[in-house]
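Before reading on, take a moment to look over the sequence and the model together. The paragraphs below go from the whole chain to its parts.

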Amino acid sequence: MANNVNAQAPESFEAAMAELAQLVSQMEAGQLPLEASVAAYARGSELVKYCAAQLDKVESQVKVLEGDMLKPFSADEAAQ
């Protein structure tokens, strides 16, 4: 099968994003058979959940580092 869908947890956030991008490209190309498309969609859903969990974890760590006082992002401050 041209699609490498597996049930393993990704090695990292970046690996999950790369795999998700590959799955999206394959699905958008419309070349996958129906069963492979369903499997790719299921794997993509797992990857999205994994990435969201990783982002939540990092946000919690940042809150601890910032003393639980996150400030809204301002483009003006980022340019400094």
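The model shown here is a predicted one. Its chain holds three helices and zero strands, and from the N terminus on the elements run α-α-α. Of the 80 residues in the chain, 19% are buried. The chain exposes about 6300 Å², and carbon and sulfur atoms supply 57% of that area. When contacts between residues at least 6 apart in sequence are considered, 64% of them join residues that are at least 24 apart.

After α1 comes G30, whose phi is positive, near 70 degrees.

The largest nonpolar core has nine residues, namely A16, L20, L23, L32, A36, A40, L47, Y50 and C51. Both α1 and α2 supply at least two residues of this core, and the largest share, five residues, comes from α2.

G44 lies in helix α2, and it is counted as buried because its relative accessible area is 10%, where buried means under 20%. The C-alpha atoms of G44 and L20 are separated by 5.7 Å, although the two residues are 24 residues apart along the chain. Leaving aside residues up to four places away in sequence, G44 touches L20 and L23, and both of these leucines also belong to the nonpolar core described above.

Charged side chains also take part in the picture. How many salt bridges does a search of the whole structure find? The search finds two. In one of them, the side chains of R43 and E19 meet at 2.8 Å, N to O. This pair links distant parts of the chain, with R43 in helix α2 and E19 in helix α1, 24 residues apart. R43 counts as buried because its relative accessibility is 4%, and E19 likewise counts as buried because its relative accessibility is 15%.

R43 also forms a salt bridge with E46, and here the closest N and O atoms are 3.4 Å apart. Because E46 and R43 are three residues apart in helix α2, they are separated by about one helical turn. An α-helix has 3.6 residues a turn, so residues three or four places apart point the same way. With a relative accessible area of 40%, E46 is partly exposed. Taken together, E19, R43 and E46 are linked in a network of salt bridges.

Terms used: Residues are numbered from 1 along each chain as its sequence is written. Side-chain values use heavy atoms; hydrogens and water are left out. Helices (H or I, at least four residues) and strands (E, at least two) are DSSP runs, numbered from the N terminus. A nonpolar core is a set of buried Ala, Val, Leu, Ile, Met, Phe, Trp, Tyr and Cys residues joined through side-chain atoms within 4.5 Å. Buried means under 20% relative accessible area, exposed over 50%, partly exposed in between (1.4 Å probe, protein chains only). Contact means heavy atoms within 4.5 Å. Accessible areas come from the Shrake-Rupley method with a 1.4 Å probe; for residues, only the protein chains shown count as cover. A salt bridge is a side-chain nitrogen of Lys or Arg within 4 Å of a carboxyl oxygen of Asp or Glu.
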